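Hello,

Here is the structure we talked about. Please open it first, then read my notes below.

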Amino acid sequence: MFAQRIDHIGVAVKGLDEAIKLYRDVLGMKLEGIHHVKEQKVKVASFVMDGETRIELLEPTEAGSPVARFIKKHGEGIHHIALKVKGIEERLEELPKKGLRLVDKKARVGVGGARIAFIHPKSTGNVLLELCEQP
Ligand code: ZN
């Protein structure tokens with residue numbers, strides 16, 4: 001099977017502090033940690049639900065970064081769905097052959113050392129999908 005389950009859902013927020021209050025204090029999810037992913041210019045607060053599936057809140061650290069542009073265009077909200085995969089390099093080779101357009105032709109490093117790559121939403125009905133292979 002290609003996609004094994006949802007690894008996480010990425011949610012774009014203007015400010016982590018406010019959003020953390022909702023997910024941690026109101027909804028009672030466990031805050032795993034806050035990471036600064038410099039390459040993508042975001043601070044990420046990672047919540048775990050059943051020990052595996054996570055919600056990642058994404059706060060842009062710079063105007064003009066991808067998440068900042070997303071918020072400007074769409075407002076806060078669901079930014080991407082990350083699918084847990086194995087063998088991400090092979091997947092990235094086969095997807096273009098199946099007609100999908102990739103944002104990342106090669107996997108890069110995400111939160112917690114995961115290897116990630118995005119598929120272009122133009123080829124997935126406007127859903128930004130991330131492939132995510134945990135270390
Ligand atoms: Zn993600």
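What percentage of the 135 residues of the protein chain count as buried? The share is 44%, where buried means under 20% relative accessible area with a 1.4 Å probe, protein chains only.

Two points on the basis. This is a predicted model, so local features need pLDDT of at least 70 and side-chain atom pairs count only at pLDDT 80 or more, while totals for chains, interfaces and linings use all residues. Residues are numbered from 1 along each chain as its sequence is written, and side-chain values use heavy atoms, with hydrogens and water left out.

**Overall fold**

The protein chain has 3 helices and 8 strands. These are DSSP runs numbered from the N terminus: helices are H or I with at least four residues, strands are E with at least two. Their order from the N terminus is β-α-β-β-β-α-β-α-β-β-β. The radius of gyration of the protein chain is 15 Å, close to the 14 Å of the globule rule for 135 residues, so the chain is as compact as a globular protein of that length. That radius is taken over C-alpha atoms, and the rule is 2.2 Å times the number of residues to the power 0.38. The C-alpha trace spans about 45 × 35 × 25 Å along its principal axes.

Contact means heavy atoms within 4.5 Å. Among contacts with a separation of 6 or more, 51% join residues 24 or more positions apart.

**Cores**

The largest nonpolar core has 11 residues: V11, V13, L16, A19, I20, Y23, M29, A45, F47, I55 and L57. Such a core is a set of buried Ala, Val, Leu, Ile, Met, Phe, Trp, Tyr and Cys residues joined through side-chain atoms within 4.5 Å. Helix 1 (16–26), strand 3 (42–48) and strand 4 (54–60) each give at least two residues to this core. Helix 1 gives the largest share, 4 residues. Leaving aside residues up to four places away in sequence, L16 touches I34, K43, A45, L57 and E59. Another core, of 10 residues, lies apart from the largest one; L83, L95, A117 and L131 are among its members.

**V109**

V109 sits in strand 6 (residues 108–109). Not counting residues up to four places away in sequence, V109 touches E39, Q40 and A114. V109 and K122 are 13 residues apart in sequence, and their C-alpha atoms are 23 Å apart in space.

Best wishes

Definitions and conventions
Buried < 20%, exposed > 50% of the residue type's maximum accessible area, 1.4 Å probe, protein only.
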